[in-house]
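This briefing looks at aromatic pairs and disulfide bonding, with the solvent exposure of the residues involved. Please read it alongside the sequence and the coordinates.

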Amino acid sequence: MSEKKPSLWEGFKAFLMRGNVVDLAVAVVIGAAFTNIVNSVVKGVINPLVGAIGTKNLDSYSSCLKDPCTVSADGTVLSGIPIRWGTVLGATLSFVITAAVVYFLMVLPMSKYLARQEARRKAREGTQEVMEVTELEVLKEIRDALVAQRGSGHDER
């Protein structure tokens, strides 16, 4: 007798209903919405701080690998080989800011919360074990008392 294999549709439904798939979908949606916040922080806070040293637009930072470098207003390279390291710097700062905000506002509080929940669960289990041991000791004492009564009851007959 062979086991009935689940159909392709049933397997797909089971895959979609797994918790981690739903969690991933939620994370992608939240991440997309969070991108706007990070971009605002970079444009509103980081770029002005960098602008105090140089330009407010990180994209304008570049070096020329092969002179002369000329780039048109729309970003088309006319001559030379420009290396646009400002764009990479901006993307790196966005990533670091995103990672820091996610860690400090989401991951760290959640891990502390889960650690507290685990400690409470272990404390409850420890209390339950003590209660079980105490009940066991009481039952043993009752058994011993009953055995002692039976033993003394047989002597009187």
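Is W9 buried or exposed? W9 counts as exposed because its relative accessibility is 56%, where exposed means over 50% relative accessible area, buried under 20% and partly exposed in between, with a 1.4 Å probe and protein chains only. This is a predicted model, in which local features need pLDDT of at least 70 and side-chain atom pairs count only at pLDDT 80 or more, while totals for chains, interfaces and linings use all residues. Residues are numbered from 1 along each chain as its sequence is written, and side-chain values use heavy atoms, with hydrogens and water left out.

**Aromatic pairs**

- The structure holds two aromatic pairs, a pair being rings of Phe, Tyr and Trp (its six-membered ring) with centres within 6.5 Å, counted as stacked if the planes are under 30 degrees apart, edge-to-face if over 60 and tilted otherwise.
- The W9 and F12 pair is tilted, because the ring centres lie 6.0 Å apart and the planes meet at 40 degrees.
- Both W9 and F12 belong to helix 1 (residues 8–17), where they are three residues apart, about one turn of the helix; helices are DSSP runs (H or I, at least four residues) numbered from the N terminus.
- F12 is partly exposed, at 40% relative accessibility.
- Y103 and F104 make an edge-to-face pair, with 5.1 Å from centre to centre and 80 degrees between the planes.
- Y103 is partly exposed at 38% relative accessible area, whereas F104 is exposed at 53%.

**Disulfide**

- One disulfide is counted, defined as a pair of cysteine sulfur atoms within 2.5 Å.
- C64 and C69 form this disulfide, with their sulfur atoms 1.8 Å apart, and the torsion about the S-S bond is about 90 degrees, so the disulfide is right-handed.
- C64 is partly exposed at 30% relative accessibility, and C69 is partly exposed at 27%.

Definitions and conventions:
Helices (H or I, at least four residues) and strands (E, at least two) are DSSP runs, numbered from the N terminus.
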